Each structure stands twice: as structure tokens, then as C-alpha cells.
Amino acid sequence: MKDYYVIIDCDPGIDDAMAIMNAVNSENIEVKLISTVSGNLTIEETVRNALKLTEIFNVDIPVAEGAREPIKRQPIYAGLAQGTKGMGGYQFKTVKREPFILKSPDAIHYALCQNMARNTTILCMGPMTNIANLLLKYPESREMISKIVFMGGSKDENGSTVPYREFNVAYDPEAMQIVFDSNIPLIMVPMELGHIAYFTPEEQLKIKRANKVGEIFYKMFTKYNDFHVGKLGAAVHDSCSALFLTNPEIFTLEPAFLKIEYHKNNDNEYGYIKCDFNANKTNAMVCVDVEIEKFKKIIYGNLFNYN
């Protein structure tokens, strides 16, 4: 018996792919739905990638097609980092599976209703457009969600760009504010964890030698332009959020108040998360550290399941 149900909302994406691999191999969570959103790539590509990943990981999980653009903004994709098809140096062949009959937010709401007797957590690893649309169309759904764990934003506003323009937030900040206003418990996994949660070139070779799935990840990493850690390795930001669900004991958390603010840089305005650890009231817990050796050991263990 699994501890609780999870709905994954994502825009695969190399680090999304590794996060999904970790989630579906967990002994204590059951993934009921993978919902896709435009972000790293167009919705057509993210749906295709998610479907192919369920084939590669040999899991029978429905994949729903979600929002193709932000609530108010024009989409700006991240193909430069993820590769033109989102999987870096790995090119998928024909996808045999078809998307779920319902699209987001209907598919998410359906999954929530099916699982009302159990706790359901949403793991959001891309822009929050689908979750915002869910709350707007089905406001009663907020009572069915035990918490939202999301990868996005920055806890440190003194980075190279001030305030830091983290992709998942900047792609659709209006959607994220709708989620913040919902009063659903939030766990923020900021992009800084990816600065320590990365695989060195030597570790990538270990992944390659594991099995066929490891070979696929290795090919992905060969053309992964993450920009956060550069030549040090391949950052896996989204796996931090997935492993928080499966192994929360390896993370350190601090309470904070989160809200969306906007910064104008020349003619460019973008949204970012204002993360206040000293606020009088809080609306989220923020992951501020991870035990990296345990983190990697867990990922290796999940990967070796495919031997």
C-alpha cells in the first residue's frame, strides 16, 4: 500500500525525465496522472516526451495534454537549454501511446475525484498554468489537494540577475499567484538546490553503465545546456522536488512567505518569487538544503531497478 497519491504536472525536459523516473520507482507514492504543460517546449513536444517516458520507464500512467500558453503572456520556450526536442542528445523514435481522453484541468480534477479517500499531492515541475486553470474552473478542487510541491523560484535575490528570473515562474507568474492565493499548503524547491544536485561527468558515466535507461539519460546529458553549473556537470533541479516527496528526511526546510512580484529590465518585465523568511506570517515551507550523497544514492538505486 502506497502512502499517498501524486499527480505530476510537468514540461519534460531532461530534468523532468529524471524526476519522473524517480517518482514512478518510489515505494511510498503512487503516480496517478502525468499532466503536461507548455514551458520548456510547445505542448505538442511535452506531451510527446511524457508519453515516450512512460514507455521507457514501463509504467501505465495516463498522460494528459494541458495548457499550450500562459494565462496572459506569450510563451517563451527553453529549447536552448533542453535541446530542440527537449531531450538533449537523445532523440525519441515513434511514440506508440496516446494521450488521456481528458485534457487538463479536467484530467487533474477527474484524478482528484477518483482519489478523494486518499491524500493527493500535486508535484509541479513546470509553469503552474494547469494548476491555476484547475483552480479557476474547479474551485472545489482545492479541498482535494493535500499539498503542492513545486520546483521554481529562487530563495536568494542576490544572484547574477536581481531579482533572479527563474524560468518556471517567469513563464507564467500570474498562474503562480493564483496558486499562492489558494491557501493550499506549499513546498517550494528553489532552483538553488540544482547548484549542488548535479551529476559530474564521472557520475554520468556511472549512469551510462547502469543499463539501457542509464544510456538514455547519458545521451540526454550530452546536449544539456543547463547554465547553472556549467562544466561541473548536469543539474537535476526537478529531481529535488520528486525526492522531497519520496525522501523528505534528506531535506532541510524553513518557513517563508511567498508572493509574486515584478521586475522591469529595460522594456522587459518578468515575474519572480519574493521569498521572505522574516515575514510575520508564512504560506510555504522552502527547501534550503539537501544531503547530496544520500540524494544521489537514492537516484542510483531507482535507476538500477531497470537491470
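Biologist: Welcome! Over the ring of which residue does the charged end of Lys32 sit?
Modeller: This is a predicted model, and in it the charged end of Lys32 is placed 4.7 Å from the centre of a ring. A charge counts as sitting over a ring only within 6 Å of the ring centre. The ring under Lys32 belongs to Tyr5.

Biologist: And how far from the centre of the ring of Tyr300 is the charged end of Lys206?
Modeller: Here too a lysine has its charged end over a tyrosine ring, with Lys206 above Tyr300. The distance from the ring centre is 3.9 Å.

Biologist: Why is the pair of Phe57 and Phe217 called stacked?
Modeller: A pair of aromatic rings is described by the distance of the centres and the angle of the planes. For Phe57 and Phe217 the centres are 6.2 Å apart. Planes under 30 degrees apart count as stacked, and this pair is stacked because its planes meet at 20°.

Biologist: What parts of the chain does that pair tie together?
Modeller: Phe57 is in the loop between α2 (43-56) and β3 (63-65). Its partner Phe217 is in helix α9 (residues 212-222), so the pair links parts whose separation in sequence is 160 residues.

Biologist: Are Phe57 and Phe217 buried or exposed?
Modeller: Both rings belong to one aromatic cluster, which also includes Phe221, Tyr224 and Tyr306. As for their accessibility, Phe57 and Phe217 are both buried.

Biologist: Now the strands, please. In what sense do β9 and β10 pair?
Modeller: Strand β9 covers residues 251-265 and strand β10 covers residues 268-276. Nine bridges join β9 and β10, and their sense is antiparallel.

Biologist: Which residue in the turn between β9 and β10 has a positive phi?
Modeller: The two strands form a hairpin, with two residues between them. Further along the pairing, Leu258 stands opposite Cys275 in β10. In the turn, the residue with a positive phi, about 60°, is Asn266.

Note on methods:
Residues numbered from 1 in each chain as written. Predicted model: local features only at pLDDT ≥ 70, side-chain atom pairs only at ≥ 80, totals over all residues. Heavy atoms only, no water. Phe/Tyr/Trp six-rings, centres within 6.5 Å; stacked < 30°, edge-to-face > 60°. Helix = DSSP H or I, 4+ residues; strand = E, 2+ residues; numbered from the N terminus. Buried < 20%, exposed > 50% of the residue type's maximum accessible area, 1.4 Å probe, protein only. Lys NZ or Arg CZ within 6 Å of the ring centre and 35° of its normal. Pairing = 2+ DSSP bridges.
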